[in-house]
Amino acid sequence: MTETTTTPAPITVDAAAADAFPGVEVLATVADVRAEGLADAAEKLWLDQHPVWQGHSRSEIRNHPRVAAYRELSKLIGTDPDRQPPSIQALIDRGLRGKPAGSWPRINPVVDAVNAVAVADLAALGVFDADKVTGPVRLTVSRGGESFLALGADHSAELDAGRLVLADDARVLSLFAHRDGVHQSVTAASTRVVLLGCVVPGIDRASVADALVRAAALVSGRG
């Protein structure tokens with residue numbers, strides 16, 4: 001996945017992942033980064049979402065059909081969605097619900113913009129630095145023993161077998177829908193990114209594709 005694309009397309013899901021995690025799919029697209037004005041655009045989109053979630057209870061957010069679908073994915077991959085909520089639930093709870101405007105997380109303009117689109121469209125999205133990815137990204141299952149250095153971790157860990165992961169030709173990139181690795185993280189120096197969207201039972205492919213198109217347009221200065 002090296003060329004800039006405009007239409008999201010499914011990445012490869014190998015047989016082991018398809019058998020163990022039926023109905024889980026990932027769409028991806030590649031976008032150039034235009035840094036000028038991106039931070040302001042991300043802030044505006046976050047600000048637009050602030051009044052949407054102010055009056056909602058934690059239970060209402062958990063039970064929203066799209067959030068609930070991603071919570072089911074958390075259970076499927078073996079995580080407790082109450083202790084480790086899916087990304088869109090966590091973003092709403094920590095940055096919007098009952099919080100003053102401006103409380104949303106800020107990492108860097110690209111990640112902030114993608115997170116804002118994820119909340120606005122209620123689609124689980126991810127973003128990798130495209131120039132740090134070796135070959136195509138695929139959804140697969142860990143064999144066991146792979147080294148994985150997670151964002152925020154002090155040291156690498158060896159993965160158990162059977163974990164649902166995103167990987168390229170060189171390494172495991174992400175514990176899928178749970179935690180990304182440090183290797184392909186987006187920084188201020190990133191000029192091209194891979195945008196990824198998670199399709200699960202209860203989340204239709206078209207809505208995730210639309211969210212990816214919106215995120216790509218925002219990141220590349222066309223939004």
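## Before we start

Keep in mind that this is a predicted model.

Let's begin with β3, which runs over residues 25-32. Seven of its eight residues are buried, so the rest of the structure largely encloses this strand.

Which strands does β3 pair with? One partner is β1, residues 9-10, joined to β3 by two bridges in the antiparallel sense. If you want to find that spot on screen, look for Ala9, whose bridge partner in β3 is Ala28. Another partner is β11, residues 192-199, and here the antiparallel pairing with β3 takes in eight bridges. A handy landmark for this pairing is Asp32, which stands opposite Arg192 in β11.

## Helix α6

Now move along to α6, residues 109-121.

How many residues of α6 are buried? Eleven of the 13 are, so to speak, under cover: the helix is mostly covered. Among the buried ones are Val110, Val111, Asp112, Asn115 and Asp121. And what does the covering? The elements over the buried residues of α6 include the helices α2 (38-53), α4 (65-76), α5 (87-95) and α7 (205-219), along with the strands β4 (125-129) and β11.

A bit of background first: most residues other than glycine have a negative phi. Two residues here are worth a click for that angle.

Just after α6 comes Leu122, with a positive phi of about 50 degrees, although this residue is not a glycine. Leu122 sits in the loop between α6 and β4. Is Leu122 buried or exposed? With a relative accessible area of 8%, Leu122 falls under the 20% cut-off and is buried.

The other one is Ala177, again not a glycine, with a positive phi near 60 degrees. You'll find Ala177 in the loop between β9 (172-175) and β10 (179-180). Its relative accessibility is 44%, so Ala177 counts as partly exposed, whereas Leu122 is buried.

Note on methods: Residues numbered from 1 in each chain as written. Predicted model: local features only at pLDDT ≥ 70, side-chain atom pairs only at ≥ 80, totals over all residues. Heavy atoms only, no water. Buried < 20%, exposed > 50% of the residue type's maximum accessible area, 1.4 Å probe, protein only. Helix = DSSP H or I, 4+ residues; strand = E, 2+ residues; numbered from the N terminus. Pairing = 2+ DSSP bridges. Expected span 1.5 Å × (residues − 1). Contact = heavy atoms within 4.5 Å.
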